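Please find my note on this entry below.

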Amino acid sequence: MERRLSKPQKQKKLKILIAASEVVPFAKTGGLADVTGALPKALRSLGHDVRVVMPFYRQIDRIKYCIKQTEKKISINIALVDHPAIIHEGFLPDSDVPVYFIDCKSFFDREEIYRTSRGEYWDNNERFMYFSKAVIEMIRVSDWVPEVINCNDWHTGLIPVFLKTIYAFDPALKDIAAVYSIHNIAYQGFASKDMISHAGLPWDIFNMHQLEFYGGINYMKGGIVFSDAINTVSEKYKEEIKTPEYSYYLEGVLAARDKDLFGILNGIDYTSWDPATDKCLPVNYTPENMAPKEEIKKKLLGEFGLKYYENVPVIGMVSRLDQQKGLDFIETIIEEMMKLNLQFVVLGTGEEHYHRLFRELTARYPEKLGVSLKFDNSTAHNIYAGSDMFLMPSRFEPCGLGQLISLKYGTVPIVRETGGLADTIKQYDFKAKKGNGFTFQGYNPWDLFRAIHVATDTYKNKSVWERLQQAGMKENFSWDIAAAKYVELYYLAIHNKNLKNTEKSV
């Protein structure tokens, strides 16, 4: 059952800084960027003074986004080396939400954000240690001080650590509350214990209850332990990460903070994802007029080199191609899947093994399988609109956006019951005539196959299928709903911070 936050102090508007390693549209590798690009706008619409800070990567187009250099400069010592930075400023597109960019050439002027094809950058731990400290130093030279910093994933896990240690007695910073948002607990920022000295942190926090982690340090553990409130991106995932199976060895740390841990389901931006207004589609449609969806389906199949067949369902998939997303399940069942009366279109990139697999499969099943091994935004929109079903068999999925988008487009999801997928997709009940998709449990790929089989059989019953489509299109997962819950979380963090300050003064 969902644990509710306390009622917020609605009479006061907040000053909120969102710190993240990636933000749409400036830099993106995953769902984190979608959240940090959309949540600030929703918070701003509620009247709060919200701002964003991120690294200034080489790939960011300063001209396109009208990013200007400010006069503010900082210099931070990491491992006995001074690294200067200049603060740049812009705005989230189509908003008045300011975005600050930390411009440090030695750490962020790189070919890619986190890694190249040769692997991750060797100094990622120092890069995001620097960013975390730079966020705080930026505040010190600014005339704007937030009441709450919302930190996101391991890249900003040291911000709460810095605030509670070496900056704890700074008059300008001592009242800032820290919220820590976990988007994917599988990536934690594990580093050697030498990083404590590199960061200038006190050695007394190198213990099992604070920053120490199996002989080294763990950035995400630091964010969890030192923050004033914690959330993850769905209620189900909040429960999952407290178990050994999903926690990646942090279950004890999370158990110690359980009363301050909450699940807030991500929203989606309906200004970008709405079949009635989507500019990427060749024709638009609404729940009241679904006929154009079939026209989009025909064009989609043509784009993938497939022939259109009336009454043959198309299953779409837009995904990173790796095991987390259930690609090993698909590999197991694909031969039997191709025997069903369906067509399958896939868009995405990932592990080379799956690239080779899909190349081989498209050669063997040219009438039934279309694959594009890249990411193309327009094609993604057309898959959501032109498919009849959307496949997400993830092994774990903290929230998931694909299933939320597919609902809006009248494309029925087929998902594994995990994380945000379990929170948002309910198995269709043929007797009660309720539900919005098809689900399966466990790690058995043949459970996935059965779910696909049931979905394709149900597709033959047009009245039932239309009911499913309409149910999905009526769902509301807007950021307005999520943003209101984040505001409650921010007030809780401020309350917890003030309570700790009071206890210290007694």
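Predicted model: local features only at pLDDT ≥ 70, side-chain atom pairs only at ≥ 80, totals over all residues.

1. Six strands make up an open sheet whose pairing is parallel. Read across the sheet, the order is β17-β16-β15-β18-β19-β20. At its edges are β17 (369–372) and β20 (438–440), each of which pairs on one side only. From one strand to the next, the twist averages 15°.

2. Strand β15 covers residues 314–318 and strand β16 residues 343–347; five bridges link them in the parallel sense.

3. Next, a helix pair. How do helix α11 (residues 327–337) and helix α12 (residues 352–364) lie relative to each other? Their axes come within 12 Å and cross at roughly 25°. Angles under 35 degrees count as roughly parallel, and α11 and α12 are therefore described as roughly parallel to each other. The crossing of α11 past α12 is left-handed.

4. The contact between these helices can be listed by residue. On the α11 side are Leu 327, Asp 328, Glu 331, Ile 334 and Glu 335. They meet His 353, Tyr 354, Leu 357, Phe 358, Leu 361 and Arg 364 of α12. By class, the residues of this contact are six nonpolar, one polar and four charged.

5. Another open sheet has three strands in the order β10-β12-β11, and here the pairing is antiparallel. β10 (190–191) and β11 (212–213) are the edge strands; each has a single partner strand, so one side of each lacks a neighbour in the sheet. β10 and strand β12 (residues 216–218) run antiparallel and are joined by two bridges. Phe 190 has Asn 218 as its bridge partner in β12.

6. Helix α6 (residues 219–226) lies across β10, β11 and β12. Relative to β12, α6 runs at about 60°.

7. Last, a single residue. Gln 470 belongs to helix α17 (residues 462–473). Is Gln 470 buried, exposed or partly exposed? Buried means under 20% relative accessible area and exposed over 50%; Gln 470 has 23%, so it counts as partly exposed. Setting aside neighbours within four places in sequence, Gln 470 is in contact with Pro 287 and Met 290. His 495 is 25 residues from Gln 470 along the chain, and the C-alpha atoms of the two are separated by 42 Å.

Terms used:
Residues numbered from 1 in each chain as written. Heavy atoms only, no water. Pairing = 2+ DSSP bridges. Helix = DSSP H or I, 4+ residues; strand = E, 2+ residues; numbered from the N terminus. Axes fitted to C-alpha atoms, helices over the stretch in contact; angles between N-to-C directions. Parallel < 35°, antiparallel > 145°, perpendicular 65-115°, else oblique. Left-handed = near helix turned anticlockwise from the far one by under 90°. Contact = heavy atoms within 4.5 Å. Nonpolar A, V, L, I, M, F, W, Y, C, P; charged D, E, K, R; others polar. Buried < 20%, exposed > 50% of the residue type's maximum accessible area, 1.4 Å probe, protein only.
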